[in-house]
Amino acid sequence: MEGDADIIYASMEDDGMFFRGQSNDKEEIWKFAIVSDEGEEEEEKEHPIRRPIMRGKNFDIEAYASNYRGRSKILRLLSIADRCGDHERLAMQLEALRIAYDEAKEGKDVVLFTKVVQKISGRLGPNYQMDQDWCDSVNRIRQRMELGVDSGLQQYLKDFERGNRFLNDIVNAYIYVGDFHYVHGSIKKASKHYWEAYFLSLRDGRVRSLCRQIIIRVLILMIELESPFDGSAGKLPYSTDEERQCAEGLRLFKERHFRDAAVIFLGISRELGSQFSVVMAAHDIAAYGGLCALATMERAELKSLVMDNDGFQSYLNSAIEVRELIYDFYSGRYSSCFDHLHNLREWLPFDIHFHDKFETLYGQIRNKAMVFYVQLFVSVDLQSMANVFWTTLQALENELKALINTNQIQAKIDSIYKVLYVHRDHRNATFRRVIQNCSVIELDFRSMLLWKPFHTSRTMPS
């Protein structure tokens with residue numbers, strides 16, 4: 001579209017929004033395509049194998065970014081750049097900003113593009129500087145298209161009141177207008193139109209098939225705006241379970257209810273695939289669910305809910321580092337387990353949702369591993385244990401003292417010979433077994449008493 005074009009009419013069709021306008025005294029037609037889920041599914045079929053985001057100990061930012069699209073991709077890359085403040089991470093920061101610049105330039109959000117350019121601050125050379133001509137062109141076209149969008153929507157509403165349009169047309173029109181505002185960065189305007197489309201779709205059962213499209217957009221905006229989650233996303237009628245579970249799990253994760261979040265993520269069906277990748281990719285579900293489960297669940301639960309969970313295995317296969325971490329933890333290979341955790345430190349502390357929670361979960365997983373480790377022995381050589389847990393002797397002593405003081409480990413430390421002596425209370429263990437056996441005997445005896453009258457009544461002679 002030329003810079004001096006004038007929009008004189010807009011109309012909505014099944015595959016997009018069409019604008020009729022004049023440019024240099026010549027009538028032309030332009031099209032604004034809506035945000036589509038089908039294109040993502042087709043892309044996934046054409047490229048079923050994605051590059052792993054972890055290459056040994058190195059975090060592949062380009063492979064990571066390829067799992068997302070649109071604003072979500074840019075916001076995640078900016079999150080990485082914001083957390084690479086030290087000089088050692090400078091190359092990582094510039095790589096994230098380079099990809100974010102290219103992605104923003106393909107979109108229509110001038111504000112987001114300007115934010116990326118400001119963060120680059122001329123460090124990537126002349127090809128990655130402020131393009132004011134592009135910004136002016138996008139803003140000019142947007143202003144004129146917005147007039148056509150509003151007039152087109154109002155015309156549709158008038159036609160509907162006269163009976164010349166179906167409700168399905170009005171719902172689609174609101175979705176298209178919401179998409180228009182979303183791609184240009186007007187998030188609150190987009191949210192308003194999506195909610196209008198949602199409430200209209202509830203009026204007629206014949207258009208409820210559109211609810212999934214609307215709900216996905218609503219959930220995206222709730223997460224992006226970081227609006228206070230009150231569970232309303234999970235209560236939307238006619239929402240699909242997978243997207244709802246993703247949003248609910250993320251809400252619980254942000255509120256640090258890690259066990260509840262783990263249960264939600266572990267229950268997400270493999271059918272979700274990449275359909276919600278604008279918010280969460282498969283490796284996100286694996287990392288969030290896997291680490292929350294490790295930090296809060298017992299060994300038996302890890303076996304039944306994680307390792308034997310076929311649905312969650314499909315997500316773990318997209319995050320090999322997380323999968324190996326879980327299996328090593330369960331098998332007691334703690335040295336290898338913490339090797340994987342240190343590798344994940346190259347990725348998760350930069351994640352847009354995980355960055356401020358990684359150290360908390362890391363500490364909980366580490367404490368659990370130490371508790372499980374000392375349960376296997378009567379005495380433990382502290383130097384050998386320090387090697388297993390990738391730490392120094394003095395740091396290990398401090399960690400063990402904290403666990404002993406909080407009664408997570410019953411033991412005492414010989415600081416001279418550097419040995420941990422585990423205290424096993426055989427007397428209490430014996431009493432617990434006796435009480436447990438008595439409970440079983442009592443249950444059997446009660447069952448016999450209940451059965452005896454019935455049995456006697458059947459065998460009495462007439």
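Predicted model: local features only at pLDDT ≥ 70, side-chain atom pairs only at ≥ 80, totals over all residues.
## Salt bridges overall

The structure contains 23 salt bridges. Side chains of opposite charge can pair when their charged atoms come close.

## Asp-284 and Arg-76

Asp-284 and Arg-76 form a salt bridge through their side chains, with an N to O distance of 3.6 Å. Asp-284 belongs to helix α12 (residues 282–296) and Arg-76 to helix α3 (residues 70–82), so the bridge ties together parts that are 208 residues apart in sequence.

Asp-284 has a relative accessible area of 0% and is buried. Arg-76, at 2% relative accessibility, is buried as well.

## Asp-82 and Lys-119

A salt bridge of 2.8 Å (N to O) joins the side chains of Asp-82 and Lys-119. This pair links distant parts of the chain, 37 residues apart: Asp-82 is in helix α3, and Lys-119 is in helix α5 (residues 110–120).

Asp-82 is partly exposed, at 46% relative accessible area. Lys-119 is also partly exposed, with a value of 27%.

In the salt bridge between Lys-357 and Asp-356, the closest N and O atoms are 2.8 Å apart. Lys-357 is buried at 5% relative accessibility, while Asp-356 is partly exposed at 39%.

## Glu-103

Glu-103 sits in helix α4 (residues 90–106). Beyond its neighbours within four places in sequence, Glu-103 contacts Gly-70, Lys-73 and Ile-74.

Definitions and conventions: Residues numbered from 1 in each chain as written. Heavy atoms only, no water. Helix = DSSP H or I, 4+ residues; strand = E, 2+ residues; numbered from the N terminus. Contact = heavy atoms within 4.5 Å. Salt bridge = Lys/Arg side-chain N within 4 Å of Asp/Glu carboxyl O. Buried < 20%, exposed > 50% of the residue type's maximum accessible area, 1.4 Å probe, protein only.
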